[in-house]
Amino acid sequence: MRSQFFTAREKSLALVAGILLVVMIVVGYTKSATAEGSANSLVAMEDTSSEDTSSSEDDVQSARNSYDERVQEVEQWERELADYVRNDATLDTTTAQKAIDDFRALLVTGLSYIDAGDTAAWWDIGGDFDDLRYTFNDATELFRNAEDWVNVERSCKNQTRELERDIARQVKDLTRELGRLKSGDQTRKTQLLSEIEQYCGAPLQTFLTQLQPYCSGRQGETQDYWDIDQNINYAKQDCYDRLNEGWELNGQLGCFEDVSRRIKDKDRNVIREYERAVKRIGIENLPIAVKSSYDAFLNAYAAAERELAIDCEVARDILNDGGYHQQDFWDAMNELNEQENNVRAAKDVGRDIEHRTKEYEKMQKEYERVLKKNGGSALPNAKKHLDEFARILELGRAVLEGRPQDWWDEGYNEDLNDIQNLFWERLNRVQAARDVSRWLKDVEREIKHREKEIQQIGRDGGREVAEELEEIWKRMRDIVAAAQSKLQEDPEEARSELESMDELRWQWDELTHDFYNSRERNFSLAEFKREIEGAEHFLERARDEGRVSDSEFSACREIVDEAYGLLEDADGIDEIHEKFEEIDERAQEVCPIFNEYGGPERDHDYYANFAQEHLDEIDTDLAAGVLERVSDDVAQRVLQKLLRDPSSIAALMQSGGDRYGDNVAKTLEAATNFYDDETQRQLIAQKQEILELTRRLEEAHNRLRIAQEKLERLQQLQDEIAAYNFYGEAGDVIRNQVEQFVEAAESNSLTDAQVEARLVQLQTQKDEAIQRSVEEKHKQGIIPFRDTDDNAWYTRFVKSLADRGIVAGKGDGRFDPGADVTVAEITTMAFRVSGDAEPSGDSELCDGRYVEHWGNKFLRWGEERGVSLLSSCENVDRRALRWEVVQMLLEATGQDIARTDERCFNDVDPRDSEVNSVMCAGKALGIVAGSNGDAKPYDPINRAEATTIVKAAGERLFGISFANTNNQRSAADQGDDLEELDDGKARE
């Protein structure tokens with residue numbers, strides 16, 4: 001680059017030399033002209049006319065040549081000036097351009113002299129041309145100097161970037177790679193690392209310091225910079241030489257380590273298979289191909305180990321060749337195994353026949369069991385298949401004595417499979433009849449339920465609707481009768497009959513829709529009115545207590561009056577909710593005091609009055625007690641469902657009674673939080689039946705003469721069954737098991753030993769049914785993970801976050817709610833709830849220690865966010881404390897946490913300023929509330945507990961709405977989050 005430009009000194013010397021050259025030419029020309037003139041004067045005296053004409057033409061031609069040179073010179077100036085302007089449009093070219101213009105004008109004048117033949121006049125203006133040339137050179141000298149600095153700065157930045165980034169990254173990468181390799185010439189590695197530090201460290205840093213004045217300050221002479229630049233290039237070459245040596249050594253050490261590892265970890269399967277073969281048949285019986293290929297395999301590894309110290313690449317080639325010997329070994333072993341398989345075929349047939357014999361015994365037992373359950377009625381087809389299975393087994397035993405291969409060739413095995421399938425198909429058909437029979441019982445209960453619904457609608461003023469429903473009800477009853485008549489003859493026909501009721505159900509829903517909507521509208525209006533009245537009283541108390549000014553009270557009062565006005569104008573249910581959502585949003589903006597209003601107080605009398613008004617044949621205090629056990633929003637949804645379906649939930653409450661009130665409440669919580677309308681109905685109906693059965697079993701306790709210990713186990717088992725929300729077929733299984741136990745207990749036919757056996761069987765069936773329910777709920781998407789069941793206190797929080805991708809579990813279908821949250825995990829949750837874009841690049845925490853960590857990109861986000869937990873070399877896999885979780889979520893918003901000396905919780909010392917400030921900020925923002933004045937900030941927090949705080953932070957800090965996530969409510973809306981966490985752990 002330097003050869004393309006001249007320094008200022010060089011340019012000055014060139015200019016002076018040019019001037020001297022011009023002077024010498026002019027002087028020489030003058031002397032020559034004088035001498036020539038003298039000679040010409042002598043000649044002129046001899047022949048004046050002819051010589052004068054020749055001399056004049058030469059002089060004019062010389063002047064024209066001089067003129068052409070001046071034209072080329074000024075054109076060169078114009079190109080040079082254009083280049084300067086193109087590189088820097090800010091240059092002041094006034095002086096240079098004027099010199100060009102004057103030069104052009106002088107050329108015009110000079111050309112007129114030449115055309116007139118006055119060459120002397122042309123040569124006389126030569127000094128004017130020189131003056132303009134000096135003027136132009138002086139003007140452009142400044143431009144050339146600026147251009148020199150542009151080139152210097154560009155070169156300087158390139159050098160700086162290469163030194164700071166390219167070389168530094170190579171040094172870092174090479175140091176890391178060499179450090180990773182622990183085998184080979186470690187002495188040379190240590191020496192080379194030292195040389196890299198020597199040639200790529202301090203010298204280059206020194207050059208970086210020397211470059212700074214030139215990169216931005218334009219200090220000193222540009223020539224001085226190019227001297228430094230040349231020295232840097234020499235130093236870089238020294239550095240690159242060491243780096244290249246380093247990468248070469250890295251390849252050598254990597255090869256050494258790779259080959260060493262392959263030698264150490266040679267295919268154990270080959271050795272293991274060979275040793276098994278020796279042990280199985282003896283070394284003397286091994287085929288030659290097996291022995292020779294195995295020896296060649298071992299020799300290859302031995303040769304590679306010897307060559308490793310001499311030439312690693314040769315050792316690697318030897319190992320690669322050893323792979324062919326390995327393949328030869330497996331080919332030989334496959335031939336040996338094939339021979340042995342032929343010997344084992346007879347044993348396999350014998351084992352298969354033995355296995356089939358056991359299957360026959362199992363089929364026979366199942367046949368007898370079904371026959372007994374069927375009341376002793378014969379199952380001729382099943383018996384025929386059973387006898388045919390036994391006949392083929394006898395044929396198989398005869399084959400085993402002769403040619404065992406005939407077992408497969410004659411297809412005996414396939415025949416047994418076909419017969420077995422036909423047998424089980426027949427028994428399944430019997431089971432299908434029993435399933436349809438159970439379905440019939442469900443439909444019969446549904447018919448009774450709909451009959452009560454007709455009566456309820458008639459009492460509630462829907463007489464015309466009740467009459468139409470009664471017609472549908474009669475048709476439903478006829479269908480049930482038809483299904484019952486076809487049950488034994490053809491269960492599938494009976495099933496089809498029952499399925500045809502869906503059309504009638506649709507008609508039923510169409511008729512009841514408007515009626516229930518009207519009731520629900522009135523209920524919604526009553527609830528909104530109750531809430532408005534509560535807000536009005538709250539506002540008046542706030543004014544009396546001085547918490548709102550008169551102007552604020554007036555603004556809030558206008559909101560309340562507007563809400564009262566909406567009660568008269570709203571039509572449909574959707575419109576009611578939509579309008580009240582709009583006014584609620586405005587209330588939060590205009591009147592912040594309403595944010596402190598938690599809604600109407602829980603009122604036992606309110607629930608009792610509702611039950612008395614809308615529910616028949618139920619203890620109103622019992623219904624109110626159940627509703628008081630559920631959360632506020634669930635209670636409202638239950639009340640609305642009672643208006644649409646008055647008997648199902650009421651029957652569940654009645655079946656649960658006082659003892660199972662908590663179980664009924666948990667079922668309602670799960671149903672409204674996780675299930676759609678159809679599965680809600682199934683869940684509630686199934687739970688009702690189980691509760692009725694357990695109640696019947698309790699009544700039979702006194703008739704069972706069993707030990708107190710068994711009675712306590714039975715009662716505990718009853719409670720466990722009543723507490724769980726069984727789902728799908730698992731619920732039918734456990735219901736049938738309990739029903740059988742109840743029938744036996746009511747008949748008083750169980751001995752103590754039989755009770756013990758049934759207890760063990762029922763316990764096993766209960767555990768299996770729970771496991772099947774969990775799998776089915778997870779498969780259907782009702783619960784997010786296998787270990788977050790719908791009746792667990794934390795599941796609604798986990799599901800809300802899982803549905804939005806904020807938590808993702810352990811990758812095996814589990815969430816592991818009881819495990820402590822680590823720093824890496826809470827960083828991941830904070831990133832996902834923040835909604836930020838995924839960061840690029842690796843985490844630099846602890847000098848890149850966590851580059852290979854699963855949470856690398858999330859840790860990178862935390863570093864970019866500047867979260868305190870990652871401000872130092874932090875162990876990201878340690879347990880996070882409760883206050884650290886709150887701090888992480890607050891810092892994820894990018895806001896500063898205000899320091900405060902106010903004491904927000906009893907167990908946080910204000911002198912611990914950081915923790916106190918974090919917990920106070922979390923409390924003020926509504927993501928943590930504490931329990932009895934305590935916050936337990938220094939305790940670890942498990943994954944289930946963390947979801948409640950993360951969900952609240954998502955709503956309060958990041959504006960995430962979880963309203964559409966299975967109707968789950970926010971952690972903040974539940975009041976005291978820490979208290980619920982403690983209660984939840986106790987319930988677990």
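What is the accessible surface of the protein, and what percentage of it belongs to carbon and sulfur atoms? The accessible surface comes to about 52500 Å², and 46% of this area belongs to carbon and sulfur atoms.

The structure is a predicted model, in which local features need pLDDT of at least 70 and side-chain atom pairs count only at pLDDT 80 or more, while totals for chains, interfaces and linings use all residues. Residues are numbered from 1 along each chain as its sequence is written, and side-chain values use heavy atoms, with hydrogens and water left out.

**Overall architecture**

The protein contains 35 helices and 0 strands. Both are DSSP runs numbered from the N terminus: helices are H or I runs of at least four residues, and strands are E runs of at least two. Of the 988 residues, 43% are buried; buried denotes under 20% relative accessible area, exposed over 50%, and partly exposed in between (1.4 Å probe, protein chains only). Where contacts (heavy atoms within 4.5 Å) join residues at least 6 apart in sequence, 74% of them join residues at least 24 apart.

**Salt bridges**

Side chains of opposite charge can pair when their charged atoms come close. The whole structure holds 39 salt bridges, each defined as a side-chain nitrogen of Lys or Arg within 4 Å of a carboxyl oxygen of Asp or Glu. Three of them are listed below.

| Pair | N to O distance |
|---|---|
| E73 and R133 | 2.5 Å |
| E536 and R557 | 2.6 Å |
| R882 and E945 | 3.7 Å |

In the salt bridge of E73 with R133, E73 belongs to helix α2 (residues 48-87) and R133 to helix α5 (residues 126-180), so the pair ties together parts that are 60 residues apart in sequence. E73 is buried at 19% relative accessible area, and R133 is buried at 16%.

E536 and R557 also meet through their side chains. Because E536 lies in helix α17 (residues 501-544) and R557 in helix α18 (residues 550-569), this pair ties together parts that are 21 residues apart. E536 is buried, with a relative accessible area of 12%, whereas R557 is partly exposed at 23%.

R882 and E945 form a further salt bridge. R882 is in helix α32 (residues 882-891) and E945 in helix α34 (residues 943-956), and the pair links distant parts of the chain, 63 residues apart. R882 has a relative accessible area of 3% and is buried; E945, at 2%, is buried.

Finally, a network of salt bridges links E446, R450, D502 and R505.

Technical notes
Areas by Shrake-Rupley, 256 points an atom, 1.4 Å probe, with all protein chains shown as cover.
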